[in-house]
Amino acid sequence: MEIKQVKLVYFSPTGTTQKVLQAMAKGMGVDDVRNINLTLPDGAKQNVEPFADELVILGVPVYGGRVPATAIERLKKLQGNGSLCVPVVLYGNREFEDSLLELKNLAAELGFKPVAGAAFIGEHSFATEALPVANGRPDDQDLKKAREFGAKVMEKVTGLASAADLADPEIPGRFPYEGGPKALDASPITNPEACILCGTCASVCPTSAITVEDSVETKVELCIRCTACVKNCPTGARVWQNEMLGKIATWLSENCAARKEPEFFGVSA
Ligand SMILES: Cc1cc2nc3c(=O)[nH]c(=O)nc-3n(C[C@H](O)[C@H](O)[C@H](O)COP(=O)(O)O)c2cc1C
Ligand code: SF4
Ligand code: SF4
């Protein structure tokens, strides 16, 4: 099969998923690459045309070993129409558990034909300089692997006479899925002394939980704990100050320090 266009469809609050998908597309060697970014509320509202003959890479972060509920909600409007797709998850060097299987099954329900899948590692959303967990990842080595994965997927696809020849790629995971992010009635807070009211936090929030006027207000019930506001605040005013979150970040930093490597499914590593 010949592929003339690649579409990248992703939900990526802190940008690691987006980076890896873009590296994969580079490795595919196709000039026409389109981004469908479902991260922000405006992106989520866009009208996505039903897919046709393109190859679609679907990417999400892992939250509690699962696909984030917000991503599922936004992906559900896609119409695969038999297009080939590549499910990809980004996880913070702990585990990806059932997330990739969940994403692959969701893709199939939406009418896509999964070709292959991958799990890559990104800096953990809760990581800080003091409590590092995969800080700086995806790094050059990861992005090289992402390009290699893209090339292998393209080789597999070009070797197919038709999508009907495609065997379902085996993806690890349990069904019924387990896990999911722990309920936590909290969001990052703002230190008014360091805040310059620039509005960046509100502009990167995927759920419109933040408003910035004379002060920064956060609707805790909308917060999905993605931490995009914290990572993008230019003055360090936006921080987590929650006991449970602090314990989780400390546990992750102590127990998930050993480097994990990307894994490929449905193509050779
Ligand atoms: C609420 C929440 C739950 C998370 N759960 C996991 C997890 O179960 N396993 C893991 O390794 N990383 C977990 N992470 C880390 C993210 O999967 C990781 O940082 C990912 O690279 C973020 O992707 P993004 O940059 O595209 O937003 C979690 C992050 C958040 C915000
Ligand atoms: S990004 Fe930081 S400095 Fe800017 S408004 Fe938000 S909290 Fe304040
Ligand atoms: S308020 Fe919550 S949902 Fe919004 S960017 Fe910050 S952590 Fe993410």
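This is a predicted model: local features need pLDDT of at least 70, side-chain atom pairs count only at pLDDT 80 or more; totals for chains, interfaces and linings use all residues.
1. Let's start with α5 itself. The helix covers residues 140–158, which makes 19 residues. From its first C-alpha to its last it reaches 27 Å, close to the 27 Å expected at 1.5 Å a residue.

2. Next, the side of α5 that is hidden. Its buried residues are D142, L143, A146, F149, G150, V153, M154 and V157. Viewed down the helix axis, these residues fall within an arc of 135 degrees, so they line one face of α5. The face turned away from that buried side carries D140 and E155, both exposed.

3. What lies over the buried residues of α5? The cover includes the strands β1 (5–10), β3 (55–61), β4 (84–91), β6 (117–121) and β11 (263–265), together with the helix α1 (16–28).

4. Two packed helices are described by the angle between their axes and the distance between the axes. For α1 and α5, the axes come within 6 Å and cross at roughly 50 degrees. An angle of that kind makes α1 oblique to α5. On the α1 side the contact involves K19, V20, A23, M24, K26, G27 and M28. On the α5 side, the partners are L143, A146, R147, F149, G150, A151, V153 and M154. Several names return here from the buried list of α5, including L143, A146 and F149.

5. The loop between α5 and β7 (189–190) deserves a stop at two residues, and L160 is one of them. L160 counts as buried because its relative accessibility is 12%, under the 20% cut-off. Leaving aside residues up to four places away in sequence, L160 touches M1, D165 and L166. The C-alpha atoms of L160 and E2 are separated by 8.9 Å, although the two residues are 158 residues apart along the chain.

6. S187 also has its place in the loop between α5 and β7. With a relative accessibility of 11%, S187 counts as buried. Its contacts, again not counting residues up to four places away in sequence, are T218, V220, C223 and W240.

7. Another joins F175 to P176, with omega near 0 degrees. P176 sits in the loop between α5 and β7.

8. Finally, a word on backbone torsions. N81 is not a glycine, yet it has a positive phi of about 50 degrees; this residue lies in the loop between α3 (69–75) and β4. N93 also has a positive phi, near 70 degrees, in a residue other than glycine. The place of N93 is in the loop between β4 and α4 (99–109), and with a relative accessible area of 2% N93 is buried.

Technical notes. Residues are numbered from 1 along each chain as its sequence is written. Chains are lettered from A and ligands numbered from 1 in the order in which they are written. Side-chain values use heavy atoms; hydrogens and water are left out. Helices (H or I, at least four residues) and strands (E, at least two) are DSSP runs, numbered from the N terminus. The expected span of a helix is 1.5 Å times one less than its number of residues. Buried means under 20% relative accessible area, exposed over 50%, partly exposed in between (1.4 Å probe, protein chains only). The arc is that of the directions from the helix axis to the C-beta atoms. Contact means heavy atoms within 4.5 Å. Axes are lines fitted to C-alpha atoms, for helices over the stretch in contact, and angles run from 0 to 180 degrees between N-to-C directions. Angles under 35 degrees count as roughly parallel, over 145 as roughly antiparallel, 65 to 115 as roughly perpendicular and the rest as oblique.
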